[in-house]
Every structure is written in C-alpha cells, then in structure tokens.
Amino acid sequence: MTGNVNLVLQSFGSESEYRRAIFSLWSFYAHISSEYAGTRALLFTDNPEFFYPYMEGLPVQYILLSAEKIRHMRGEINFLHRIKIGVIDEALLMYGGSILYVDADTCFIKDPAPLFQNISEKISFMHVNEYSFLHLQEIPLPSGAPFHAVLKVLVEEEFILADGSHRKFLPSLFSWNAGVIMLHRNHHPLLADVYAITDRLFPETGNHAAEQYAFSLVLQTNAELHPCNEFIYHYWYRTKKQVADKFLAKRLDHSWSQRSTGQNKGRVKRWTQALPGNIEQHPWTLRDNAIQAFNNNQFRLAYRWAAMAFIKNPFNIPFIKNCFYHTRRLLME
C-alpha cells in the first residue's frame, strides 16, 4: 500500500440516516487493528452537530453538505446518487491519499486491515459482485423497464468518455454493489468517466442504480476489482434498513457520551456480531422475502420463507391474507 487511507461516509437528511452513519463509523474503529487505529474519517453531512455527542474519541472530520453543495453534486441531471461520486471526488483530493468509502447503511464485521494492505494502483474494491448485466433482461416488466433500458444501451450503443473517446462496454460485464468503494489515490482520474457514464445513463434509462453501474463498468475495465463483503455488511434494502433503524434507535441514546471510548467500541463490536443475523432472520425480512418470491412466481421458495416468518410471528393478519391470495392464484393457474 502506498500512502495513507481515509475512511469516507456521507449522511444527510434524517436522524435514522445519522444513526446508521454513527454505527458504521464506530464499527470501523471497533474492528480496525492498532496499526490503522488513527485512520481519519471524513464525514460529509448536513448536520455535524448531531454527531458531536457520539463521536468523541474518534478522529472524525466533518465536511458540510450545504443545500447548495448537494444541488451541485446532484448535477444537471438532478440525480441523488450522483452525490456519492462528488463525495468520493472531493475526498480523494483533500489529503492526496486513498479512500475507503462506505454508505451509512453498512457496518464492519471484521478487521478491514487487509483492504488497507492490498489497495494499489492495480487493485480496487467494491462491496460484492451481484450479477451480470445480461441478468437485467430477466427482471419482469413493468418494474424491470429501467433495467431493460440499461441493457439496451449496453447492447446497442457506445459511451462518450470524458476525453471524448468512444467506448462500448460488453453486457457480459458485471454490476457490483456500490455500498463500499475503495480507490487508490491514482484512481482519481477514472471518476471523470464515472461522471460521464452516470450523466448519460440516468437521463436515458431512469435507472436509480446508474452511478453503481458507472463505477462497475469503469473500475472492472481499468483495474482488478475485488469484493470486500467479507469485512463489511451492507443492509441496503428498504426492509432491512427498517430493522436496523429499530435496533439502533434503542441503543444510540443520550447515555452514549457517558461511556468511555473503549466501552463504546466493545458495545458496537457486539452489535456487529448480532445485527446481521437480527436483520436476516427478522419477521419483517422473512415476510418481505416471501412476498417477493410470490410476486416472482417462485412458490416453493415463497412458502419456505413464509413458514419461517410464521414461526417467528404467526399472527400477522395482513401477511396471512397475502399468503392466501397467492395460494388462490397458484390453484387457479
């Protein structure tokens, strides 16, 4: 590894989002080995004051996300997730080091020191390889329309990159989850193409994963792209966020600052061991998994999820009605 690495997060808009970021930050310092314990965190937020009581003892630097700055980062296409590119762009320039960017809805589940030791000009990281772009054609309509549109662009068209050159990306490339992005400082010039692809892809397709697709296309064609889900858990899905928010609201309270840094690190480390399982096995998650499977006509899988949900919570009337509805639909086919 060459040079220092900064941890980077963005968090704005709501208290639940702030609590996720607090947990994510503390989870990093709870797990990181002593060699990297002084790693600077750059927190881009519209409300630094909310974090002050929780961040004592941690090397956190706040960068204000004013309304004007947010509008600028959203760009002419007015795309919310374009802010991520802007945050990463600014963070890479601030201290001339490499960066480990994580979304607020993440938590570290083991020591990420190996990431610090392996980042290089030839290697970058994203959270996990999710699917080939060819998979987008399998998403049913009408909800799949924005995904079909992305695949159509990849199959039929070229992109104009930041330097004016034309580039066609094969649809056999992969979409990687962008909840975590680790870049070497020399990867900064690649962001110009990430901007260019996002600014083309979102207006043309309306797909809200446009920035994820842009990072995926650029990084896997310019460096070795490696996963890091072994170290970081990402609960990006709506229902999982709701479970996590309920979990954190009970624990991140006004008594936080009354404990020592060591005590809080110990508490958070225990939470990181409990929360992923809590989320994955929560009745809300199990019911949602069942409903999604029913909607995709995966009945065997749906009944498996439903059975697990009923074991956890057998008396959810709306869910019972939903299961009966899909059972009638199956019998009538």
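I am working from a predicted model, where local features need pLDDT of at least 70, side-chain atom pairs count only at pLDDT 80 or more, and totals for chains, interfaces and linings use all residues. Residues are numbered from 1 along each chain as its sequence is written, and side-chain values use heavy atoms, with hydrogens and water left out.

**Cores**

I looked up the largest nonpolar core and found 50 residues. Such a core is a set of buried Ala, Val, Leu, Ile, Met, Phe, Trp, Tyr and Cys residues joined through side-chain atoms within 4.5 Å. Buried means under 20% relative accessible area, exposed over 50%, partly exposed in between (1.4 Å probe, protein chains only). Leu7, Met55, Leu100 and Phe116 have the most contacts inside this core. Helix 1 (residues 15–31) gives the largest share, nine residues. Helices are DSSP runs (H or I, at least four residues), and strands are too (E, at least two), numbered from the N terminus.

**Helix pair**

Next I checked helix 12 (residues 299–312) and helix 13 (residues 317–332). Their axes (lines fitted to C-alpha atoms over the stretch in contact, angles from 0 to 180 degrees between N-to-C directions) come within 12 Å and cross at roughly 160°. Helix 12 and helix 13 are therefore roughly antiparallel, the word for angles over 145 degrees.

**Backbone**

I noted a cis peptide bond between leucine 141 and proline 142, with omega about 5°. Asparagine 78 has a positive phi of about 50° and is partly exposed at 48%.

Definitions and conventions
Parallel < 35°, antiparallel > 145°, perpendicular 65-115°, else oblique.
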